[in-house]
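Here is my note, point by point. Please keep the structure open as you read.

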Amino acid sequence: MNVFISGAAGGLGRAMAAECARRGYRLFLTDRDSAGLEALQKGLERQFGAITVVYACDLTDPGSVDAMLAYVDGSRIRFDMLLNVAGVDFEGGFMHRDRERMVEIVSLNDGATLRITHAVLERRREVRPFTAVFVSSLACMFPMPLKAAYAASKRFLLDFAAALRQELKDEGVNVLVLCPGGMVTKKDTLAAIRAQGFWGEVTTNPLERVARRTLDRALAGKGTYIPGGVNKVLSGLGRCLPRPWVAAAIYGRWTRAQKKWLGA
Amino acid sequence: MRTVVITGATSGIGLEIAKLLAKQGFRVLGVGRDWDRCQRALEIVTRVSAPGRAEFFAADLLQQREIIRLAEELGETLRVTAEGELFALINNAGCARGWYMTTEDGYEQQFALNFLAGFSLTYRLLPQLKKANGRVIMTGSKSHNGIGVHWNDVMLSRRYNPLTAYKQSKLCCLLFARGLNDRYAHQGIRAYAVDPGLVRTDIGNKDTGGLVNLVWTLRKRGGASPEIPARTFLYLCQAEPAPEGLNYFRCRERGYSRQVTSANADRLFALGERLCGVQYDKRAEA
Ligand SMILES: NC(=O)c1ccc[n+]([C@@H]2O[C@H](COP(=O)([O-])OP(=O)(O)OC[C@H]3O[C@@H](n4cnc5c(N)ncnc54)[C@H](OP(=O)(O)O)[C@@H]3O)[C@@H](O)[C@H]2O)c1
């Protein structure tokens, strides 16, 4: 099994890569962070004897992606699985954040994901089943003030994945969208979870379990994975309550949490 | 003047060891993860000892590549200031985590910092330790008891339990000390583990979250001041000839888990060597 992972040097990417390596899959890992990629490559080799190719690349830059694809084609690599993990979030009020940062949320989370998905699907191994995973977020279930662009960018992935799943069903391609709550991937996410107090704790998903189950479910042909009971209930509520109510409720909770977090 | 390296010397037990050893006339090379906190610790240690007695190095010991860089810097400093001799290496840096988190290398963090960092750093400073007939001291813990190494999944990614990960990492510290003695005692190096007891530090409140954070906040109230375990480290650095025991608590030998065998140590060395890309000598047959 040849697996392409974007955002591989981040917390979830590393956990996914480790899970794949444990299963004996061969890996093609990309990320912006080239030092992180190299460290991970070495670590996976040492821990699992994994066969790993790494290529540092800015996925929002079409030229860099073309160069990467030329490298893939030159090495005649073809894929059986794609894990779209790369994504960014810049927390805070829309008008309090830098304009280009806001645009970057969409250009990476959505634009680059489309670019990579198209490219990797074109390079799938013939006559073999293919699996594509999109990492959305629990946030995609709600209009989220103070995370407006992020939540909407993740909503895009939710809908896109569902539609693509339908389009490619008969071609042996399974598409799964993952909608996790918080996951402790680095110091900042830990601080953010803590700041949200009780709700932060109960919506947090254990990283290692999410990584394992995502692969299990995607390979079993499932279409959506919302880890955790509380998160399933919350996403259900998000679907049936009027959207302005949801936005107002979330706004109230986040302003309180962010004040605590930012130490204001 | 004898030179010692102490990791995790910017707070808690490590900082007290640094103060005490510097006061007693050792030259201290302290290691911390954050440059500003290193500067602060340097000031504190200098204030209680003498100018020039300590030097600090910042390195994130969670990452293997940082350990390599640190070892090079330490090696250079030892060459210039101590004729390439390292009298003691105190692998004390440690952490607790409430969730499964990995390092850049994809290793579980408690395993990576509490055990692998010391395993890797010690290897890279072996020449300097050999030259001084030096000592290696691991900060162990009573919690290493009642558990075995999960050989099939040392990173515990199948079922992560934060406390299990911590206990296992401390058991590995004892196994490492045991294995070092098996390999290098006849070359003049001695290795020990120190059980600090329950100590009032912030270890369980840093990057832990959830239950671990809460439990530690309650638990540490009953802990001793970090000055107390520091004395055991001083004892192991001063005693002549080098004490023969493995595990020490309050300057005395203390028993340890039956899991601490040479066979398990060999197994751990093989694993650690693979994960750090190093190769220790084979155990000297008795
Ligand atoms: N407290 C206890 O009751 C107890 C009991 C048994 C064993 N121990 C062991 O004692 C040792 C010291 O713990 P402590 O209680 O003194 O805790 P502490 O006050 O948190 O000290 C830990 C030290 O390690 C440093 N450190 C943390 N992460 C690091 C990294 N990635 N790279 C480099 N350095 C890093 C810390 O730096 P910062 O100052 O920047 O945080 C600090 O200097 C640990 O090995 C612990 O497992 C403690």
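1. Start with D89(A). This residue is partly exposed, since its relative accessible area is 29%. The scale: buried means under 20% relative accessible area, exposed over 50%, and partly exposed in between (1.4 Å probe, protein chains only). The side chain of D89(A) meets that of K147(A) in a salt bridge, with 2.8 Å from N to O. A salt bridge here is a side-chain nitrogen of Lys or Arg within 4 Å of a carboxyl oxygen of Asp or Glu. This pair links distant parts of the chain, 58 residues apart. D89(A) sits in the loop between β4 (81–84) and α4 of chain A, and K147(A) in the loop between β5 and α5 (148–168) of chain A. K147(A) counts as buried because its relative accessible area is 12%.

2. A word on the basis. This is a predicted model: local features need pLDDT of at least 70, side-chain atom pairs count only at pLDDT 80 or more, and totals for chains, interfaces and linings use all residues. Residues are numbered from 1 along each chain as its sequence is written, chains are lettered from A and ligands numbered from 1 in the order in which they are written, and side-chain values use heavy atoms, with hydrogens and water left out. Helices (H or I, at least four residues) and strands (E, at least two) are DSSP runs, numbered from the N terminus.

3. Now chain B. R27(B) and E55(B) also form a salt bridge, at 2.8 Å from N to O. Which strands does this pair link? R27(B) is in β2 (residues 27–32) and E55(B) in β3 (residues 54–58), 28 residues apart. R27(B) is buried because its relative accessible area is 12%. E55(B), at 29%, counts as partly exposed.

4. Compare a pair within one helix. R69(B) and E66(B) form a salt bridge, their closest N and O atoms being 3.1 Å apart. Both residues lie in α3 (residues 64–82) of chain B, three residues apart, which is about one turn of the helix. R69(B) is partly exposed, with a relative accessible area of 29%. Over all chains, the structure holds 26 salt bridges.

5. Next, the interface. How many residues of chain B are in contact with chain A? The count is 26 residues of chain B against 24 of chain A, where contact means heavy atoms within 4.5 Å. The area buried between the chains is about 2,300 Å², and carbon and sulfur atoms give 49% of it. Buried area is the accessible area (1.4 Å probe) that two parts lose on being put together, summed over both. W99(B), Y100(B) and R158(B) supply 28% of the area that chain B buries against chain A, more than any other three residues.

6. The rule finds one salt bridge across the interface of chain B and chain A. E19(A) forms a salt bridge with R158(B), with the closest N and O atoms 3.1 Å apart. Two elements of chain B give two or more residues to the side that touches chain A: α7 (210–219) and α9 (262–276). The largest share, three residues, comes from α9(B).

7. Check the backbone. Side chains aside, some angles deserve a look. Most residues other than glycine have a negative phi, and most peptide bonds are trans. V127(A) has a positive phi, near 45°. V127(A) lies in the loop between α4 (99–122) and β5 (130–135) of chain A, and counts as exposed because its relative accessibility is 87%. R250(B) is not a glycine either, yet has a positive phi of about 45°. R250(B) is in the loop between β7 and β8 (252–253) of chain B, and at 44% relative accessibility counts as partly exposed.

8. One peptide bond stands out for comment. A cis bond joins E240(B) and P241(B), with omega about -10°. P241(B) is in the loop between α8 (227–238) and β7 (247–249) of chain B.
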